[in-house]
Amino acid sequence: MTHRRRQRRSFHQKIFFLGEVEVIPFKRSWQILLRLHFVFHFEVVTQSENMTALFGVEGKHIYYFFICLQLAQKISEAKGKAFIVIDALNKTDDLGKTGKVLYWLPNNLPSNVHLIVSTRTEHQTSMEVLVQERSFATVEISALDDLQKETMAKNMLALRGKEFSEPQMIKVVAAEQSGNPLYLEIFLEEMCSFGDFFLVDKQMDHLLEAESTKILFLKFIKRMELDYNPKSVDNDGQKPHRNIVKEVLCLIEVSKEGLSEEELKAILHIDSGTWSPIFFAMASFILDRAGLYSFAYEDLNMAVNEYYLEDESDRLMFVRKLSNYFEGKFQSLSLSVDDVVPSRISSEYPRLLSKLSDGEKLSSYLTRLCVIASVPSDGPEWFKMMDYWTLTGLSNDQISKAFLASIQEEITRLKENDLQEYGEEKNPVLTHDKLLPVLLRIATFMVDAGYGKAVIPILLKAKELYDSLEDKTTTNLQIVNLYCNINYSLACLYVDLDMLDEAEPVHKDVLHMRERYSDQFENGESDVATSLYGLSVLEGRRRNYDKVDEYNSRVLSIYEKLQLPWDHEYYANLYNNWGVAVMSNNPEHDKEVYDRAIDYMNKAQKIYESVYFGHLPPQVTVTLNNLALCNRRLGNHEEARKVYKRILAIRIDTLGENHTNVAMVYRNLGTLEYADNKIDLALDYYEKSLKIFEAFGEEHLETALSLENMALVKIALENWDEAHYYFNKAGEILHRTGRMNHSLPSINAVMADHYLTNDRKPDAYKLFQRLVGTSIAQPRDYAALEYFDRQLPENERPTRPYEHTTEYALEKYV
């Protein structure tokens, strides 16, 4: 701030520069922020726990960044200028498979708040978002000119009390590669570390032989080996008896998030006297992210890989060393269901086991109840576990049995511990309140992973444990709450598995209990709304859209009464469900109805992106799917295709190629291409969809619907024999399982015409028997069935229920 002479108008300008550099520890940065909070009387409102769950080690820094944004807003209001600088955006972690690229970077800032970022031009993802999508102004950093080289060299050397002679400076400035600031920094660091005055020129020539930054890093690594590896004296003189530098660099390279000082010292069994010189020698070239050290430059990564890890056996040796360390940390836990597995273990250990292809240890780790209890169900690690299970090579049923064995082992251990503590055997469900919820987390995970009916034994085990309670009718609120939580989750899982008849009584029982005790729980009314929402989803699966509207209206009135914020996830779920109902209950294909459905879904999507901080877990990509479907029905096929492909990429990345949710997208893409008369492409998508669904059971509704899709394209190709095969197989499944109402009316009409025209009377007779009595039956179907019945000998004619007769059809349709 400057003050001019009194006779002139006073001029004040406040400029706050907010930023974090890696040499400032996170705690120090936090102290700076606290001071700014004090100045502006500012209260931070940010979901730090959600960020940490979603982003792991990056969460703290993103949390810090958002505080900076909020402070910048306050500074802006105080008529100041704020500059937020993010260096090396290309080094930010991939925020998981569900992450939306750079979602956390703000689109709109006040005019006096400035955002400056740096990235590499070859970093395609950040360049696409920043330049193409957001139209950031760009400045390409060119090589240093001679004056800049000289200035940088003089300044860096002066910090160490050193300087080059004029001929030496000329040599450095003349080197083309010194135009790269990183190259020049490494070169100058090396020259400052060199202690033999008489060999300075020789060392300078040696370093300048390096044509690239990577080669210069290789020279740097070799020099570190000479200077910092411990020596032992033998008959041949001094020789390093251990390459500590190699071990440090290789361990950092094979880790996922980097390693802390404590971890490195423990793994390598070295003290601070050995560690500190190595650390300070490479401090300029490593990142410190919340205490975890990783390489700051890709060229250093490449140099370490080229020098030490080109042989896969060498790499695996360090992977195994690191794996053994985290295995020890994991085994040091009690491994009880009540234990919390530290994020360092859950982030590194299973990944290392997968690198070692150690399926046995991997499955042993994954089946520990404390592991699945500790992983956030909406974070990237939840979906990564699905990849890990795939790597074990176990089938769905084998995974289910492994979990059941772990559950039984845990129950036995808990009973033994309780016996020692209480002097009598207790029911572990009551003494360990995490036990039943973790079983339902396992079941939820298995449903998310697409393990189909292999989840049912887990659900039955959960019911068995609940049923073991002596008095389930007690008014003890703990038991009531446990009952409702367990059974609501059970009902939702039944719906996910398309077991709707099993789900309905459970849902209604929970609703009754929630309504009965709503005034005795802090969130009683909210719990009632949740139960109503569960029933709404169930009725949506049944296509009872009037009931969906009824339940959703009751839910909305409760949310409004509770005055939930507009961006609460509950609203997103409700809007999505309502949007589906509005879209599906539109037989006239009214554009205004579709627009209303799209409005619901856009609201849901906006909230989801806020809640999940730019991530789109597969559970909520259903909103995108519904948006695509609305666009498809409105004829906006290109927009629908774009959205479907986005969903497909998210689901394949998170769930794998063979998940039923992936199959659904393939089928939707097939239907889109079929509508555009791209039959061969539609066939390809439908085949992929059917292959996945069939693996999860022939009785599954989606298997039957996929078979009908295959029949459609075969009809379009005029391959009637294959069309009959797929159509008849689908019809038999739907009829046998009581789901003919879900069949496509159009394909039934086409196949009926084909059978009658081509004198395929037995096939036509079977079809009409399936159709009558369903919501998709036409008057012709009743008349045709009666005709075929009359062709039979009188003593062989079946007795039809009234709802299957022509009399009923005349009453219904005339």
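**A tour of rings, charges and loops**

Select Tyr559, Tyr570, Tyr571, Tyr575, Trp578 and Tyr600: ring pairs join them into a cluster. Rings of Phe, Tyr and Trp (its six-membered ring) pair if their centres lie within 6.5 Å; planes under 30 degrees apart count as stacked, over 60 as edge-to-face and the rest as tilted.

This is a predicted model, where local features need pLDDT of at least 70 and side-chain atom pairs count only at pLDDT 80 or more, while totals for chains, interfaces and linings use all residues. Residues are numbered from 1 along each chain as its sequence is written, and side-chain values use heavy atoms, leaving out hydrogens and water.

The charged end of lysine 603 sits over the ring of tyrosine 575, 5.2 Å from its centre. To count, NZ of Lys or CZ of Arg must be within 6 Å of the ring centre and within 35 degrees of the ring normal.

Next, select arginine 514 and phenylalanine 521. Here the arginine 514 charge sits over the phenylalanine 521 ring, 5.9 Å from its centre.

The whole structure holds 29 aromatic pairs. Pick tryptophan 275 and tyrosine 293: their ring centres are 6.1 Å apart and their planes at 25°, so the pair is stacked. Tryptophan 275 lies in helix H12 (residues 272-282) and tyrosine 293 in strand S7 (residues 292-295), 18 residues apart. Helices (H or I, at least four residues) and strands (E, at least two) are DSSP runs, numbered from the N terminus.

Last stop: serine 357, in the loop between helix H15 (343-355) and helix H16 (359-366). Serine 357 is not a glycine, yet its phi is positive, about 55°.
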